[in-house]
Amino acid sequence: MAEHEISRRQFLSASALVTAGVSLLPGTGFGFPAYIKNLGKPNSLFNGVQVGAITYSWRSMPGTAEDILKYCVEANVSAIELMGPTGELFAGAPEGPKMPPWTGGKRPELTEDQKAAQAEHLVKMAEWRAKVPMDKFVQLRKMYNDAGVSIYAFKPSALGEKNTDQEVDYAFRAAKALGANQATIEQPNDPAQTKRLGDIAAKNKVYVGYHGHTQQTPTWWDTALSQSKYNALNFDMGHYVAAGFDPIPLIETKHDHIVSMHVKDRKNKENGGANVVWGQGDTPITAALELMRARKYKFPATIELEYEIPAGSDAVKETAKCVEYARKALGA
């Protein structure tokens, strides 16, 4: 591990406190829930850097809007990238067919019947998205804001090549109603699609944050960026490291185009690329957070929990450990 990273011993010590549900408050020797000093509200804004989480991190747990808000408070997360189903079900979307659960972090294989049921559901969703009012999204935003949580990104499955223009437009309108300045998606391979998304994003004045995995390179976003000022990066620094690159130069050169950044710890390409507990991999998490603090970059650092959850823990407790790691890294 690089010398500038928090030591594994420091991280594990902090993790033990968070797992127990406590965090030492500045100037005291007593343990209290990390959010008590904020009158019950979470606060993951540390020395000017907004640390958040993508709600995908809690995919192993129930995912209603009320559940997600509870997890935010428990993990001391005050800003999120909201996955589509949580927001859409709250707004009255038709429920999808029951699908097999993810196992070992892998997407399950679907039977032909399951594929047919899913296709039928997508048609219903397109019809619903075309006519749904934004009132429930505004209500969801208020519920979260009142509890101390903001929504900066929305990730519905409405921005794909097979989605209609109405669905794409809906995605940006819903993001805006939620208080987000971006809707996020895996970057398409077809430049015509990034052009289409960028044009509809510009009409709504909401960014498209393009996310990638190990296909990310220093120039991977350049075509999309040239097409619209509303095409932007939902950069994943952990995947970038696993692809064999140093994320710090990219953050420095493309910070004006980054609207959010996923943070995870992965081994680099030479070391196998595994997702690991923060502090055990090759991703320069501390250096990146320190750069954001020093340069006053305003895009959020989004915790994405992808390492295997240890026995006796759960996704919320592990997210809380990552929040605490970031807090210490930022000297808060």
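This is a predicted model: local features need pLDDT of at least 70, side-chain atom pairs count only at pLDDT 80 or more; totals for chains, interfaces and linings use all residues.
1. Strand 6 (residues 150-155) is mostly covered, with five of its six residues buried. On one side, strand 6 pairs with strand 5 (residues 79-83) in the parallel sense, over five bridges. Strand 6 also pairs with strand 7 (residues 182-186), again in the parallel sense, here over two bridges.

2. Next to it in the chain, Ala153 has Gln182 of strand 7 as its bridge partner.

3. Strand 7 is mostly covered as well: four of its five residues are buried. Strand 7 and strand 8 (residues 207-211) pair over five bridges in the parallel sense. Gln182, the partner of Ala153, stands opposite Tyr207 in strand 8.

4. The connections between these strands run through helices. Strand 6, helix 6 (residues 165-178) and strand 7 form a right-handed β-α-β unit. Another right-handed β-α-β unit is made by strand 7, helix 7 (residues 191-204) and strand 8.

5. Glu308 is a separate matter. Glu308 lies in the loop between strand 13 (301-303) and helix 12 (315-329). Its relative accessible area is 71%, over the 50% cut-off, so Glu308 counts as exposed. The C-alpha atom of Glu308 is 7.9 Å from that of Asn275, although the two residues are 33 residues apart along the chain.

Conventions. Residues are numbered from 1 along each chain as its sequence is written. Side-chain values use heavy atoms; hydrogens and water are left out. Buried means under 20% relative accessible area, exposed over 50%, partly exposed in between (1.4 Å probe, protein chains only). Two strands pair if DSSP finds at least two bridges between them. A crossover is right-handed if, with the strands pointing away from the viewer, the path from the first strand over the helix to the second runs clockwise.
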